[in-house]
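Please open the structure in your viewer and keep the selection panel at hand.

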Amino acid sequence: MKMTFRWFGEGNDTVPLRYIKQIPGTDGIVWSLHDVPAGEEWPMDKIMELKAQADAAGLHIDVVESVNVHEDIKLGLPSREQYIENYKRTIEKLGQVGVKVICYNFMPIFDWLRTDLHKEMEDGSTALFYEHSRIADADPFALVEQINANSALTMPGWEPERLQHLTKLFEAYQGVTEEHLWDNLAYFLKEIIPVAAANGIRMAIHPDDPPWSIFGLPRIMTCQENFRKFLKLVDHPANGITLCSGSLGANPDNDIISMIHEFGDRIPFAHIRNVRRYDNGDFIESSHRTQDGSVDIAGIVKAYHDIGFTGYARPDHGRHIWDEKCRPGYGLYDRALGIMHLWGLWDGFEYAKNGKGAEA
Ligand code: DNO
Ligand code: MN
């Protein structure tokens, strides 16, 4: 397991690279060019600038999250051709600087969705929270305004220019079914996977978060059966999964340990975090420890250890603790604690098996 930490870029993240370097067992950043709109080709000078910053801090840039997919590709519009070409050019450039994994998602309009970015927990920390009833009956436009008013920083997938186009986007998705989305995903994969493979890159789709339909929009990366179908669309190692235990874990029917065993070598990237589920469909992003939430994090790390996982991992989101002022879900403290917990588990399993704490 190769541990990484998401970093949003200079001036766009509260955590300095040198702090990331000080987290034990953490060798690289998970990065993106957040100011390049979805669909545009990434400029090489910006990629090189980021690489120089990471090099100076002694961190690798093997994992990109995300190269966002333009809505026209998800919608299957004729204009997708140009956006797919741009995507291919971006893959080639990332291959040239040594990137190994590109995480992306195929969710219509929204990326991860929460109703409260700072829900207070019993211990005074705050965390990302999803209140099911507010989404089930919500006016999406009002909700977006409210979320924006609560956050000082923009979130991935929620860039201001996208929000302006929200009305048009909702119209465009009228009549788009899950079947259409599968077809458009298959079309996209058949185009880009050969390019990724030729450039030494493994594509890794992120599950939908939450893993069910919201606002009547179709969502397909939600469960084991659908991931099985996804992997067959293009049956090649370069067509892989970012297995996110927190996103999938919001649905109690998802057996993540079983997915790790089934999909094993098609998982180049793991997001390992916990959620505490409530019976009414609500969930909160609790600490990484199994006992603090509803997802068996210890069992998940054991499953990765059992399959000899050598891919990349990150702690994904964390709570906001010790009064840290940070991007929602992306503070230093709780994610660093998460990493130490994950390594603690891993080293324990390693010790039990081989009598030493060596990494895979
Ligand atoms: C949620 C996060 C996501 C992820 C994107 C990838 O669990 O990991 O926001 O970054 O969906 O495209
Ligand atoms: Mn995730």
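The stops below visit a sheet, a helix residue and a ligand shell.

Residues are numbered from 1 along each chain as its sequence is written, and chains are lettered from A and ligands numbered from 1 in the order in which they are written. This is a predicted model, in which local features need pLDDT of at least 70, side-chain atom pairs count only at pLDDT 80 or more, and totals for chains, interfaces and linings use all residues.

**The sheet.** Select β5, β6, β11 and β10, which form an open, antiparallel sheet in that order. Strands here are DSSP runs (E, at least two residues), as helices are (H or I, at least four), numbered from the N terminus; two strands pair if DSSP finds at least two bridges between them. Because β5 (116–120) and β10 (276–277) each have a single partner strand, one side of each is left without a neighbour in the sheet. Next, display β10 with β11 (residues 283–284): two bridges join these antiparallel strands. R277 has F283 of β11 as its bridge partner.

**The helix residue.** Move to I47 in helix α2 (residues 44–57). Is I47 buried or exposed? I47 is buried, because 21 other C-beta atoms lie within 10 Å (buried means 20 or more, exposed 12 or fewer, partly exposed in between, with C-beta atoms placed from the backbone). Beyond its neighbours within four places in sequence, I47 is in contact with W42, K93 and V97; contact requires such C-beta atoms to lie within 7 Å.

**The ligand.** Finally, select ligand 1 and the 15 residues around it, of which S66, N105, W112, H206 and S247 come nearest; a residue belongs here if its C-beta atom, placed from the backbone, lies within 6 Å. β4 (101–104) and α11 (245–249) each give two or more residues to this shell.

Note on methods. Contact = placed C-beta atoms within 7 Å.
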